[in-house]
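I opened a new page for this chain today.

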Amino acid sequence: MKDKKIKPEYLPGGAKREEARANAVKYLQAPIPVTQQARHEFLTKVLKFTETEYLDLLNQASNGALADSVWN
């Protein structure tokens, strides 16, 4: 199987980074049989999101419940 590469425009500093962020939120919300660890690894290792960006995406995917749970 050929190794797939992410197009540079979806990586940090790329023109379509915001599109990648929007799709990442949908990916986190999707009811697919993938562990949270696998999702985290894909977003941080392959798409090169920082830990801070990942937590922001996770918060968006949970409609703010993540941040609310920290403060309450």
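My entries follow, from the whole chain down to single residues.

**Entry 1: the model and the fold.** I noted at the start that this is a predicted model. I counted the elements next. The protein chain has 4 helices and 0 strands. Read along the sequence, I get α-α-α-α. I then looked up burial for the chain. Of its 72 residues, 24% count as buried. The exposed surface comes to about 5,500 Å², and carbon and sulfur atoms supply 58% of that. I also checked contacts between residues at least 6 apart in sequence. Of these, 44% join residues at least 24 apart.

**Entry 2: the core.** Which residues make up the largest nonpolar core? I found 10 in all: Ala20, Ala24, Val25, Leu28, Leu43, Leu47, Phe49, Tyr54, Leu57 and Ala61. Helices α1 (17-29) and α3 (51-61) each supply at least two residues of this core. The largest share comes from α1, with 4 residues.

**Entry 3: Leu43.** I picked one core member to follow up. Leu43 sits in helix α2, which spans residues 36-46. Is Leu43 buried or exposed? I read a relative accessible area of 1% for Leu43, so I logged it as buried, the cut-off being under 20%. I left aside neighbours within four places in sequence and listed the contacts of Leu43. They are Ala24, Tyr27, Leu28, Lys48, Phe49 and Tyr54. I also took a distance to Arg21. Leu43 and Arg21 are 22 residues apart in sequence, and their C-alpha atoms are 9.6 Å apart in space.

**Entry 4: helix α3.** I went through α3 for burial. Tyr54, Leu57, Asn59 and Ala61 are buried there. Ala61 touches Val25, Leu28 and Gln29. After α3 comes Asn63, and I noted its positive phi, near 55 degrees.

**Entry 5: salt bridges.** How many salt bridges does a search of the whole structure find? I got 2.

In one of them, Glu53 pairs with Arg17, with the closest N and O atoms 3.7 Å apart. This pair links distant parts of the chain: Glu53 is in helix α3, Arg17 is in helix α1, and they are 36 residues apart. I looked up accessibility for both partners. Glu53 is partly exposed at 23%. Arg17 is buried, at 8%.

I then turned to Asp56 and Arg21. They form a salt bridge whose closest N and O atoms are 2.6 Å apart. Asp56 is partly exposed at 32%. Arg21 reads 14%, so I logged it as buried, under the 20% cut-off.

**Entry 6: rings and charges.** I checked what lies over the aromatic rings. Where does Arg17 lie relative to Phe49? I found Arg17 over the face of Phe49, at 3.9 Å from the ring centre. The charged end of Arg39 sits over the ring of Tyr27, 5.5 Å from its centre. Tyr27 was among the contacts of Leu43. The structure holds 1 aromatic pair.

Note on methods. Residues are numbered from 1 along each chain as its sequence is written. This is a predicted model: local features need pLDDT of at least 70, side-chain atom pairs count only at pLDDT 80 or more; totals for chains, interfaces and linings use all residues. Side-chain values use heavy atoms; hydrogens and water are left out. Buried means under 20% relative accessible area, exposed over 50%, partly exposed in between (1.4 Å probe, protein chains only). Contact means heavy atoms within 4.5 Å. A nonpolar core is a set of buried Ala, Val, Leu, Ile, Met, Phe, Trp, Tyr and Cys residues joined through side-chain atoms within 4.5 Å. Rings of Phe, Tyr and Trp (its six-membered ring) pair if their centres lie within 6.5 Å; planes under 30 degrees apart count as stacked, over 60 as edge-to-face and the rest as tilted. A charge sits over a ring if NZ of Lys or CZ of Arg is within 6 Å of the ring centre and within 35 degrees of the ring normal. Accessible areas come from the Shrake-Rupley method with a 1.4 Å probe; for residues, only the protein chains shown count as cover. A salt bridge is a side-chain nitrogen of Lys or Arg within 4 Å of a carboxyl oxygen of Asp or Glu.
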